[in-house]
Amino acid sequence: MQNLTDVVAAREEAARLLGTTSDRWHHVVGVAAAARAVASIVPPDDVDLLVAAAWLHDIGYAPEIATTGFHPLDGARHLRALGAPARLCTLVAHHSAAVVEARVRHMRGVLLAEFPPEESIVADALTFADMTTSPTGLSVTVEDRLAEVLDRYPPDDPVHRAIYVPSSRRGLSRVIWYGRLSIWHGSVFPMTTATHRVVASPEVEGCCPVGGDCELLPAAEAQVLAEVFKVLADPTRVRLLRYLAESEAGTVCSCHLPALLGVGQPTLSFHMGKLHDAGLVSRERRGRWVHWAVRPDALTPVKAFLNVLDNATTTGC
Ligand SMILES: [Fe+2]
């Protein structure tokens, strides 16, 4: 297994995925150089982590691993599959305030559930390096970088919307995020006062328009979640699911369950059928009896949903 916090290994993996002739590669080379330039502000033990993350931050664009089309998530998932350390995966998943774009793409819950963010000078340094490097690897100001991105992506593109369109009454646009970054670390990140003026602009601090869909969960996803919650809105099924989840063997024979719950076999079959139809449990027939197990990924959408609630901010219009 590669040690991807080794800077050379990180560079090689990025080169393998992105090629070394594209603009993307030149951008990545520039971001790695920018990360090195500010590396003195992070703890010495984190320098290689920062520079490795800079090499790897855009690998999610590589067609070989671009499964969702949201490059921070695709890149982080690829690194996780390679066994990379959690901090490296998280830095890639959240570089340059990816969570803001994730919300526009309705993927914020998934991103936060899979890769809890790291608030650190390392994460900020990575964002700084990315946001001060042009698409071709030149050193630029944050304002010029944002202007270029707005110009490159059409107004309805999630990347454009994440930067410029007020993202929600509870959230932050990327512009505000980057501005806060410069305010927090103004003494170490040489950003210009123009960034601060952007932060103060009322244009980017407005609320989601009435009737707008910038924060609404898609109806289809809401329907899926509602069905799961409906099935779980029964104490017997909640107890069954918890019992299966805690089973040391990983599966439970239906022969044990009626006596345990004080119900008959038909009642048990009814409840297990509901859990099974909702995709929460799997079943396997062994001779006369059915054995039940919780499906490991069954509650991923619910976990992501609860994570969104858990991470809700309290600021508002
Ligand atoms: Fe980048």
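Modeller: Start with a facing pair, and bear in mind that this is a predicted model. R283 sits opposite W292 of β3. On another strand, V252 also stands opposite W292 in β3.

Biologist: What makes β2 and β3 a pair?

Modeller: Pairing takes at least two bridges. β2 (281-286) and β3 (residues 289-294) have 6 bridges in the antiparallel sense, so they qualify under that cut-off. β1 and β3 are joined by 2 bridges, also antiparallel, so that pair qualifies too.

Biologist: Which strands are called edge strands, and why?

Modeller: The order is β1-β3-β2 in an open sheet of 3 strands, with antiparallel pairing. β1 (252-253) and β2 each have a single partner strand, so one side of each has no neighbour in the sheet.

Biologist: Over to the helices. Why are α2 and α3 called roughly antiparallel?

Modeller: Helix α2 (residues 23-37) and helix α3 (residues 47-56) pack at about 165°, with axes 8 Å apart. The label needs an angle over 145 degrees, so α2 and α3 count as roughly antiparallel to each other. The crossing of α2 past α3 is right-handed.

Biologist: Which residues make that contact between α2 and α3?

Modeller: From α2 you have V28, V31, A32, A35 and R36, and they meet L50, V51, A54 and W55 of α3. By class, the contact of α2 with α3 has 8 nonpolar residues, no polar ones and 1 charged.

Biologist: Which residues of α3 meet α5?

Modeller: L49, A52, A53 and L56 in α3 do, and their partners in α5 are R87, L88, L91 and V92. That contact of α3 with α5 comes out as 7 nonpolar, no polar and 1 charged.

Biologist: How do you know that α3 is largely enclosed?

Modeller: Count the buried residues: 8 of the 10 in α3 are buried, so the rest of the structure largely encloses α3. They are L49, L50, V51, A52, A53, A54, W55 and L56. Their cover includes α1 (7-18), α2, α4 (71-81), α5 and α8 (121-131).

Biologist: How does burial look for the chain?

Modeller: Buried residues are 34% of its 317 residues. The chain has 17 helices and 3 strands. Of the contacts with a separation of 6 or more, 62% are between residues 24 or more positions apart.

Biologist: Now some backbone angles. What stands out about phi of A97?

Modeller: Phi of A97 is near 55°, a positive value in a residue other than glycine. A97 lies in the loop between α5 and α6 (98-104).

Biologist: Why does A97 count as buried?

Modeller: The cut-off is 20 or more C-beta neighbours within 10 Å. A97 has 25, so A97 counts as buried.

Biologist: And H106: what is its phi, and where is it found?

Modeller: H106 has a phi near 60°, also positive and not in a glycine. You'll find H106 in the loop between α6 and α7 (108-114).

Definitions and conventions
Residues numbered from 1 in each chain as written. Predicted model: local features only at pLDDT ≥ 70, side-chain atom pairs only at ≥ 80, totals over all residues. Axes fitted to C-alpha atoms, helices over the stretch in contact; angles between N-to-C directions. Helix = DSSP H or I, 4+ residues; strand = E, 2+ residues; numbered from the N terminus. Parallel < 35°, antiparallel > 145°, perpendicular 65-115°, else oblique. Left-handed = near helix turned anticlockwise from the far one by under 90°. Contact = placed C-beta atoms within 7 Å. Nonpolar A, V, L, I, M, F, W, Y, C, P; charged D, E, K, R; others polar. Buried ≥ 20, exposed ≤ 12 C-beta atoms within 10 Å, placed from the backbone.
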